[in-house]
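Here are my notes on the ligand site. Please read them with the model open.

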Amino acid sequence: MENYQSLIDEQKEFFNTNTTKDVAFRLEALDKLKTGIKQHEDALLAALKEDLNKSAFDAYSTEIGFTLQEISFIERRLRAWAKPKKVKKPITHIGTKSLIYPEPYGVSLIIAPWNYPFQLAVAPLLGAIAAGNCAIIKPSEFTPKTSQVLQNIIAELFPEKYIAVVQGGVETSQALLSSNVDYIFFTGSVPVGKIVMKAAAENLVPVTLELGGKSPCIVHEDANIKLAAKRIAWGKFTNAGQTCIAPDYLYVHKNVKEQLLTELRAVIKDFFGNNPLENENYTHIVNEQHFNRLSAYLTNGETIIGGNSNKEELSIEPTVLTTITWDDPIMKDEIFGPILPAMEYGELSEVITGISQHPNPLALYLFTENDQVEEKILENVSFGGGCINDTLYHLSTPYLPFGGVGTSGHGAYHGKSSFDTFSHQKSVMKQTNLFDMSLRYPNAKNGLKKIKKYLK
Ligand code: NAD
């Protein structure tokens, strides 16, 4: 196994010079990164096309543009976030001042997956930089072209002692995990998340886990079906379903099932044409192993829309399956591909029970025009985040923390949350020497009686 301790030591040494704690230095780094990304936009678009057949529109909106917008958002607010925050005090602390100092952890390790190979490596990096950390990024081995462009950009802009990209697969990832870093930010699957958390526990390193899971999409009988179909098709088939928060499966009310399927068929045709497999803007499956895994699902239930695939191109049509139950293989694990199984329901309670008996979803989508239905789902189902009457869109506002709960992960990022995630909140109380509150001392007269007045 390779050893990355010397790289980590070099970063720790640089971190200890306090250079990265200077807010002006952090802002300059963010700005450099923004310029570098813009300069390498063509190379990035080409790499994403080669790795996943992402169209320029998809690659720009979900990877490059998303990242640039996050940088701009953080840049405008960083000075305010980085300042120590004065907080109130209780009556027992009269004379004191209390402050919270956001403090960088040191060397942060960012491990990224392949589905949005640029965005999911760089968006956490923005938090690491903003908070004043050094960083090592381990991008995915399954998208080698994008990982290479990312490495080129970072190497051109920053010295390794500050930010480094280390390419490699499982072994590299494990070698990095067993080194002594100060923070681990992992995005990937649930099984690997467990490995990461175990490794972090060895050195008691704090960790953010951005994992996956099966995200339900509920369509109630009172929903605006035409709009729901459009927003579901967009959320499910963007990136050929290889999105951690893609609607994994449909729970549709039996009274609107046929109408929803009709609208879905129409909108899929509108978005991807009569033959999506020949649409040059339709994203491919990342590799043969995932193609084979997904192809096996195509025999589940009844194929209502799509169902065709092209093994040579690693492409699978936008597909909708019906007559699906929790017992079908497709309902066992996160699908992570362009296949949408649909289950129907009559009562909302069936939906709540069904979802609650399975691991916590990363996202949940509910289509309804009824506030009570909305309240019932929000009160009764735990999930990372989600939308009412939309899909995916909650991820792209920097004002909402993005993350999972339970098995879909813990911790969050985007916008201010990225800064918070990579900062330790150092609480400091400054005491006055002008007077001394005597009642806390063991020799205070009537100490117990007095303390009972305050501590109740
Ligand atoms: P993955 O867990 O297989 O790999 C993620 C990273 O971990 C890669 O860099 C990989 O090299 C490394 N890795 C793989 N096996 C490892 C091991 N045994 N030990 C140490 N490191 C290892 O995930 P993936 O297939 O690249 O991505 C798909 C998964 O990621 C899906 O489950 C998806 O839901 C999830 N995901 C989550 C988010 C989110 O924001 N929550 C975003 C995208 C993807």
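1. The model is predicted. Domain 1 covers 5–211 + 409–428, and domain 2 covers 216–403. Both give residues to the shell around the ligand, so the ligand lies between them.

2. Which pocket holds the ligand? The ligand sits in the largest pocket.

3. The shell has 28 residues. Glu141, Ser173, Ser189, Leu211 and Glu334 come nearest to the ligand. By class, the shell residues divide into 16 nonpolar, eight polar and four charged.

4. Glu141 places a polar side-chain atom 2.7 Å from an oxygen atom of the ligand. For Ser189, a polar side-chain atom is likewise 2.7 Å from a ligand oxygen atom. As for burial, the ligand taken alone exposes 830 Å². The protein buries 91% of that area.

5. Now the secondary structure. Helix 7 (170–178), strand 6 (183–187) and helix 8 (190–202) each supply at least two residues of the shell. Which of the elements gives the most to the shell around the ligand? Helix 7 does, with four residues.

Notes. Residues are numbered from 1 along each chain as its sequence is written. This is a predicted model: local features need pLDDT of at least 70, side-chain atom pairs count only at pLDDT 80 or more; totals for chains, interfaces and linings use all residues. Side-chain values use heavy atoms; hydrogens and water are left out. A residue is near a molecule or strand if one of its heavy atoms lies within 4 Å of it. A polar contact is a pair of N or O atoms within 3.5 Å; within protein, one must be able to donate a hydrogen and the other to accept it, and residues adjacent in sequence count only if both atoms are side-chain atoms. Accessible areas come from the Shrake-Rupley method with a 1.4 Å probe; for residues, only the protein chains shown count as cover. On a 1 Å grid over the protein atoms alone, a cavity is a set of points where a 1.4 Å probe fits but cannot get out, and a pocket is an open set with protein on both sides within 12 Å along at least five of seven lines; lining residues have an atom within 4 Å of a point. A molecule sits in a cavity or pocket if more than half of its atoms lie within 2 Å of its grid points. Ala, Val, Leu, Ile, Met, Phe, Trp, Tyr, Cys and Pro count as nonpolar, Asp, Glu, Lys and Arg as charged, and the others, Gly among them, as polar. Domain bounds come from an automatic or database domain assignment.
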